[in-house]
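Here is a short briefing on one protein model. It is grouped by topic.

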Amino acid sequence: MIKRILAISAIPAAFVILFAGCRNSLKEFSFSYSMESVDYYKTSVSFDSNKTYKIETHNYYMDNHAGKREPVIREGTLTEEEYKTLETLLAKCNLFKMKDSYGFDKEADKYMGDIMYQVHFQTPGESKFISIRAIGDHTFPLPFIDLLKYINTFLAGHK
C-alpha cells in the first residue's frame with residue numbers, strides 16, 4: 001500500500017520536473033530592450049530566435065543640432081554561446097508574470113525621471129510590454145536583473 005502511494009505521488013512530481021525543464025527552452029521568440037533619455041538619446045537592441053540581433057543608437061540631441069537624423073545601426077548574428085546565454089536568461093525571467101509598468105505611480109526623480117526603459121517579449125500566442133521609468137526604488141526579480149546585466153555587457157562588446 002505504501003509503495004502504491006509513493007508511486008502515485010511520484011507521478012505528479014515527475015510532471016512538475018518535466019514541465020519546469022520545458023520552460024527553460026524557447027523555440028521561437030523575439031525580444032527587444034530600449035533605454036531612452038527623452039529628447040536626448042536612445043539605444044535599443046533586439047534579438048530573435050533566428051539568432052540575429054539589431055542595435056540602434058539615436059543621438060537626438062546632436063541630430064537636432066545638425067537638422068537630420070543619423071541613427072547608428074548594427075546588425076549581426078549571435079554566436080552559439082551568446083544565443084544560449086540569452087535564451088537561458090529569457091526563459092528564467094518569466095517576463096509574462098512581471099508587471100506592465102514600474103515607476104509611473106510615483107513622482108519622477110528630478111535627475112533620472114526622464115530616463116525610460118522598455119521591454120517587449122513575444123512568443124507564439126503571447127506578447128508582453130514592460131515600461132519602466134527610472135526611479136531609485138524598483139525591486140525586480142533577480143533573473144530580470146541578470147538579463148539586464150547581460151544585455152549591457154552585450155551592448156558594450158558590440159559597439
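M98 counts as buried, because its relative accessibility is 7% (buried is under 20% relative accessible area, exposed over 50%, partly exposed in between, with a 1.4 Å probe and protein chains only). The model is predicted: local features need pLDDT of at least 70, side-chain atom pairs count only at pLDDT 80 or more, and totals for chains, interfaces and linings use all residues. Residues are numbered from 1 along each chain as its sequence is written, and side-chain values use heavy atoms, leaving out hydrogens and water.

**Around M98**
- M98 sits in the loop between α3 and β5 (101-102). Helices (H or I, at least four residues) and strands (E, at least two) are DSSP runs, numbered from the N terminus.
- Beyond its neighbours within four places in sequence, M98 is in contact with K128, I130, F140, P141 and F144 (contact means heavy atoms within 4.5 Å).
- M98 and F144 are 46 residues apart along the chain, and their C-alpha atoms are separated by 9.4 Å.

**Helix α3**
- Helix α3 covers residues 80-93, and its 14 residues should span 20 Å at 1.5 Å a residue (the expected span is 1.5 Å times one less than the number of residues). The end C-alpha atoms are 20 Å apart, which agrees.
- Buried residues in α3 are E82, Y83, L86, E87, L89, L90, A91 and C93.
- N94 follows α3 and has a positive phi, near 55°.

**Aromatic pairs**
- The structure holds 12 aromatic pairs. Rings of Phe, Tyr and Trp (its six-membered ring) pair if their centres lie within 6.5 Å; planes under 30 degrees apart count as stacked, over 60 as edge-to-face and the rest as tilted.
- F29 and F121 form a tilted pair, 6.4 Å centre to centre with 40° between the planes.
- F29 lies in the loop between α1 (2-23) and β1, and F121 in strand β6 (residues 115-123), so this pair ties together parts 92 residues apart in sequence.
- F29 is buried, with a relative accessible area of 4%. F121 is buried too, at 3%.
- F96 and F121 also form a tilted pair, 5.4 Å centre to centre with 45° between the planes.
- F96 lies in the loop between α3 and β5, so its pair with F121 in β6 ties together parts 25 residues apart in sequence.
- F96 counts as partly exposed, at 24% relative accessibility.
- One aromatic cluster is formed by F29, F31, F47, Y53, Y83, F96, F121, Y150 and F154.

**Position of Y40**
- Y40 is in the loop between β1 (30-37) and β2 (41-48).
- Y40 is partly exposed, with a relative accessible area of 43%.
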